[in-house]
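Trainee: I would like to learn how to read helix packing. Please take me through it step by step.

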Amino acid sequence: IVQQELNEKRDYLVTLRHMFQQIDHDHNGVVVFSELIEHLKDPEIGAYFRRLGVDTDEVEKLFVLMDEDGSGSISQQEFMVGCLRLKGEAKSVDLEILHQDVIYVISTLARTGDRMQELQKQLDRVEKQQVCALRLPTMTHAHI
């Protein structure tokens, strides 16, 4: 059973490498968004993605998720790691972890927004005090 799983993983990686080489039309070692879009129209590439369990309905999001370094292109390693990471359906535990992360981010943003409002009020008070201080008559030599 273990050998069968290893063979399946090896075959999966070989298929990914082959698919990357097909998508990398100019053979420069990276895939840009336009190459990915163009090749996803190819029924063979679309079938590869479906067979590998990778959803291609949201191509732009798929590209961004694979482009780990934010370079605007996907290397063969990013492509293979991305496909492995995105393979298959989301599990309930994955969705729950994501849900908890979203709750945390929302609460952090809310606290940050509250703190920014407090700081803005403090700045407004300081500014008001400075304006008032500038309006006070000053004693000049003419008044003495």
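**Reading helix pairs**

Mentor: Begin with one contact in this predicted model. Phe33, Leu36, Ile37 and Leu40 of α2 meet Val59, Glu60 and Phe63 of α4.

Trainee: What describes two packed helices?

Mentor: Two things do: the angle between their axes and the distance between those axes. Now the case here. Helix α2 covers residues 33-40 and helix α4 covers residues 59-66. Their axes cross at roughly 135° and come within 11 Å. Angles over 145 degrees would count as roughly antiparallel, so α2 is oblique to α4.

Trainee: Is the crossing of α2 and α4 left-handed or right-handed?

Mentor: The α2 and α4 crossing is right-handed.

Trainee: Next pair, please. At what angle do helix α1 and helix α5 pack, and how far apart are their axes?

Mentor: The angle is about 130°, and the axes lie 10 Å apart. Helix α1 spans residues 2-23, and helix α5 spans residues 76-86. These two are therefore oblique to each other as well. The crossing of α1 and α5 is right-handed.

Trainee: Which residues make the contact of α1 and α5?

Mentor: From α1 come Tyr12, Leu13, Leu16, Arg17, Met19, Phe20 and Ile23. From α5 come Gln76, Phe79, Met80, Cys83 and Leu84. Sort the residues of this contact, and you get 10 nonpolar, 1 polar and 1 charged.

Methods
Residues are numbered from 1 along each chain as its sequence is written. This is a predicted model: local features need pLDDT of at least 70, side-chain atom pairs count only at pLDDT 80 or more; totals for chains, interfaces and linings use all residues. Side-chain values use heavy atoms; hydrogens and water are left out. Axes are lines fitted to C-alpha atoms, for helices over the stretch in contact, and angles run from 0 to 180 degrees between N-to-C directions. Helices (H or I, at least four residues) and strands (E, at least two) are DSSP runs, numbered from the N terminus. Angles under 35 degrees count as roughly parallel, over 145 as roughly antiparallel, 65 to 115 as roughly perpendicular and the rest as oblique. A crossing is left-handed if the near helix is turned anticlockwise from the far one by less than a right angle, and right-handed if clockwise. Contact means heavy atoms within 4.5 Å. Ala, Val, Leu, Ile, Met, Phe, Trp, Tyr, Cys and Pro count as nonpolar, Asp, Glu, Lys and Arg as charged, and the others, Gly among them, as polar.
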